[in-house]
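Please look through the model below with attention to its sheet and its aromatic side chains. The paragraphs that follow lead through both.

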Amino acid sequence: MSHISTVEAGGENYNVVQASAVKQRALQLILSKYALVQQRVSPSEPLGLPMLMIILSSMPEDERQKVDDIVLHQVVKAGGDERVTIDNFQGGMAAYTELVAGAVKANLDDFFTWLGNVAKDESKPVKKGNGTGGHK
């Protein structure tokens, strides 16, 4: 069953079909190393679209191509039926990267929510127990 999300990029709306669970797992594995580093560096900053766009823009070409292929496998401009590709964005790489970032979020929203919660939990001070640690 396909889930469709609407993503805004460059002032336009696009309908993005989520990738399969297998492809989402591959996407998560590619992005995890970047997302985890970002959360360690700035745990108070949520991994929003601007940071995701920076991560995507700094990836090696082969990884970025895999990400693009996974999240843009079925994207059309809202109200249209023609598949959107990178060729639709000549002279508009910021909008293209915004679309890819939005499509990544649409595919891995629960992962980013979890990651943000982990960062919040780790930024809290550790509560001290009674010092016994279960030992006498």
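**An aromatic cluster beside a sheet**

Tyr 14 and Phe 89 are both buried, where buried means under 20% relative accessible area with a 1.4 Å probe and protein chains only. This is a predicted model, in which local features need pLDDT of at least 70, side-chain atom pairs count only at pLDDT 80 or more, and totals for chains, interfaces and linings use all residues. Residues are numbered from 1 along each chain as its sequence is written, and side-chain values use heavy atoms, with hydrogens and water left out.

Tyr 14 and Phe 89 form a tilted aromatic pair, 5.9 Å centre to centre with 45° between the planes; rings of Phe, Tyr and Trp (its six-membered ring) pair if their centres lie within 6.5 Å, and planes under 30 degrees apart count as stacked, over 60 as edge-to-face and the rest as tilted. Because Tyr 14 lies in strand β2 and Phe 89 in the loop between β3 and α4 (93–123), this pair ties together parts that are 75 residues apart in sequence; helices (H or I, at least four residues) and strands (E, at least two) are DSSP runs, numbered from the N terminus. Phe 89 also forms a tilted pair with Tyr 96, at 5.4 Å centre to centre and 55° between the planes. Tyr 96 is buried, with a relative accessible area of 5%, and Tyr 14, Phe 89 and Tyr 96 form one aromatic cluster.

Tyr 14 also stands opposite Lys 77 in β3. Strand β2 (residues 12–17) runs antiparallel to β3 and is joined to it by three bridges, where two strands pair if DSSP finds at least two bridges between them. The open sheet of three strands has the order β1-β2-β3.

Conventions:
Buried < 20%, exposed > 50% of the residue type's maximum accessible area, 1.4 Å probe, protein only.
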